[in-house]
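Please open the structure in your viewer and keep the selection tool at hand.

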Amino acid sequence: MTAEMYDADVYRSPEDVLLDAFLTLNTPEGFKAELVEGEIIVTPPPDGDHEGAIGRIVRQVFRLCDADITFAGNKGLIVPGGRFIPDGTFADEGAFDGQPSWMKPDRLLMVLEVTSSNPAKDRWDKRKGYAAAGIPLYLLVDRKAGQVVLHSHPEGGEYTATTSVPFGDPLPLPKPFGFELATDGLS
C-alpha cells in the first residue's frame, strides 16, 4: 500500500472536516468568521456604536487599572466548543507575544463581547466556551437588553457568579482590574 492510498483511507471525523473548511475560509475583508458549537458564523463589520463601546471600556481599563496588562481586539482563541474571536481580550502583559492567529486562552484575564446581530451566541454559546476554557472574567455589553453583565468564577464549564447592571450604573470589576466600570455611553 502506498502512502497516497493510506492517506485516502484515513477516517476523518465530521468535526475535522468542518475545522478544515473553517480554517480555509476566505472571509471578505472586515468580516469575522468564528466556529461556535459546530456552526460557522460569519459576521459583518460592526457598527460605530459597537466599536465606541469597546473603546470606552478599553480607555477605562488602561486609565484605572494598576495591573500590567495588555489588550487585543479580535484575537482568535481556541476554546472548548470552537474557535472564538472576542471583541476584546485582556491578558497579562506579554501573553500575546509570539502567539499564532489562533491561540489557547493562557494568561487571559477577561474577554469582552458587545452584542450585535446575534446576541444569543454571545449570551449562551460564547459564555459556555469561555467558562469551559477557564477564562476568569467574561464581560458582556448586551445592547438589546440594555445592560452590562460580568460572568466570573468559571467552574465545571460554567461561570458560577454573575453581576449585571443597567446601562448608566457602575459595574465593579474585581482584581486585577479593581475599579468600577462606568457603563454610561455603552448602548
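The protein contains four helices and 13 strands; helices (H or I, at least four residues) and strands (E, at least two) are DSSP runs, numbered from the N terminus. This is a predicted model, in which local features need pLDDT of at least 70 and side-chain atom pairs count only at pLDDT 80 or more, while totals for chains, interfaces and linings use all residues. Residues are numbered from 1 along each chain as its sequence is written, and side-chain values use heavy atoms, with hydrogens and water left out.

**The whole protein**

Begin with the C-alpha trace, which spans about 65 × 30 × 30 Å along its principal axes. Next, display the surface: the accessible area of the protein is about 9,700 Å², and carbon and sulfur atoms hold 51% of it. Such areas come from the Shrake-Rupley method with a 1.4 Å probe; for residues, only the protein chains shown count as cover. Of the 187 residues, 42% are buried, where buried means under 20% relative accessible area, exposed over 50%, and partly exposed in between (1.4 Å probe, protein chains only).

**The six-stranded sheet**

Select β3, β6, β8, β9, β10 and β11, which form an open sheet in that order, with mixed pairing. Two strands pair if DSSP finds at least two bridges between them. The edges are β3 (69-72) and β11 (158-166); each has a single partner strand, so one side of each is left without a neighbour in the sheet. On average, neighbouring strands here are turned by 15° against each other, direction ignored.

Contact means heavy atoms within 4.5 Å. Axes are lines fitted to C-alpha atoms, for helices over the stretch in contact, and angles run from 0 to 180 degrees between N-to-C directions.

Show the side chains of α3. Its buried residues are H50, A53, I54, G55, I57, V58, Q60 and V61. They pack against β3, β6, β8, β9 and β13 (179-181). One of them, H50, counts as buried because its relative accessibility is 3%. Apart from its neighbours within four places in sequence, H50 is in contact with D87, V114, T115, S116 and R143. At the start of the helix, a side-chain oxygen of D47 reaches to within 3.2 Å of the backbone nitrogen of D49.

Proceed to residues 119-132, helix α4. The helix lies across β8, β9, β10 (147-155) and β11, and runs at about 170° to β9.

Then select β10 and β11, which run antiparallel and are joined by eight bridges. P154 stands opposite Y159 in β11. Two residues separate the strands of this hairpin, and G156 takes a positive phi near 60°. Is E155 buried or exposed? This residue, located in strand β10, is exposed, with a relative accessible area of 59%.

**The five-stranded sheet**

Select β2, β1, β5, β4 and β7, an open sheet in that order with mixed pairing. Its edge strands, β2 (39-43) and β7 (102-103), each pair on one side only. Strand β1 (residues 32-36) pairs with β2 in the antiparallel sense over five bridges, and the bridge partner of A33 in β2 is V42.

Finish with F22, which lies in α2. F22 counts as buried, with 5% relative accessibility. Which residues does F22 touch, leaving aside its neighbours within four places in sequence? They are A33, E34, L35, I40, R83 and W102. Between the C-alpha atoms of F22 and I41, 19 residues apart in sequence, the distance in space is 9.7 Å.

Conventions: A polar contact is a pair of N or O atoms within 3.5 Å; within protein, one must be able to donate a hydrogen and the other to accept it, and residues adjacent in sequence count only if both atoms are side-chain atoms.
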